[in-house]
Amino acid sequence: MSREGCHACADAIADVRRICDDLGVPWSVTDVDTDDELRAEYGDQVPVVLVDGAEHGFWKVEEQRLRAALAR
C-alpha cells in the first residue's frame, strides 16, 4: 500500500521490487487514496507491505523478515 508523492513509499516499492524480482515472487502496488476503506485502514501507516493479504509491516521494509515470509 502506498500513495503518490510519498518518498518512503518510493523507497519501499524499490525494495519490494528488488526482493520479489530476486525471489521470482509476483507483487503489486495499490494507492490507498483510490479507495476510502484502504485510506481509512492504511492511510496513516504507508507504506504498508502485505503478504498473502495480511499486513506484514509498515513504514519500512525489513528485508530479511520479508524474504523469510516470501520463502514460506
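Q: Is Cys9 buried or exposed?
A: Cys9 has 2% relative accessibility. Buried means under 20% relative accessible area, exposed over 50%, and partly exposed in between (1.4 Å probe, protein chains only). This is a predicted model: local features need pLDDT of at least 70, side-chain atom pairs count only at pLDDT 80 or more, and totals for chains, interfaces and linings use all residues. Residues are numbered from 1 along each chain as its sequence is written, side-chain values use heavy atoms, leaving out hydrogens and water, and Cys9 counts as buried.

Q: How many disulfides does the structure hold?
A: A disulfide is a pair of cysteine sulfur atoms within 2.5 Å. Cys20 is buried, at 4% relative accessible area. Its closest cysteine sulfur, in Cys9, is 16 Å away, so the two are too far apart for a bond. The number of disulfides in the structure is zero.

Q: Which pattern does the protein chain follow along the sequence?
A: Helices (H or I, at least four residues) and strands (E, at least two) are DSSP runs, numbered from the N terminus. The protein chain has three helices and two strands. Read along the sequence, the pattern is α-α-β-β-α.

Q: What is the radius of gyration of the protein chain?
A: This radius is taken over C-alpha atoms, and the globule rule is 2.2 Å times the number of residues to the power 0.38. For 72 residues the rule gives 11 Å. The chain comes close to that, so it is as compact as a globular protein of that length, with a radius of gyration of 12 Å.

Q: What share of the 72 residues is buried?
A: Cys9 and Cys20 are both buried. Over the 72 residues of the protein chain, the buried share is 33%.
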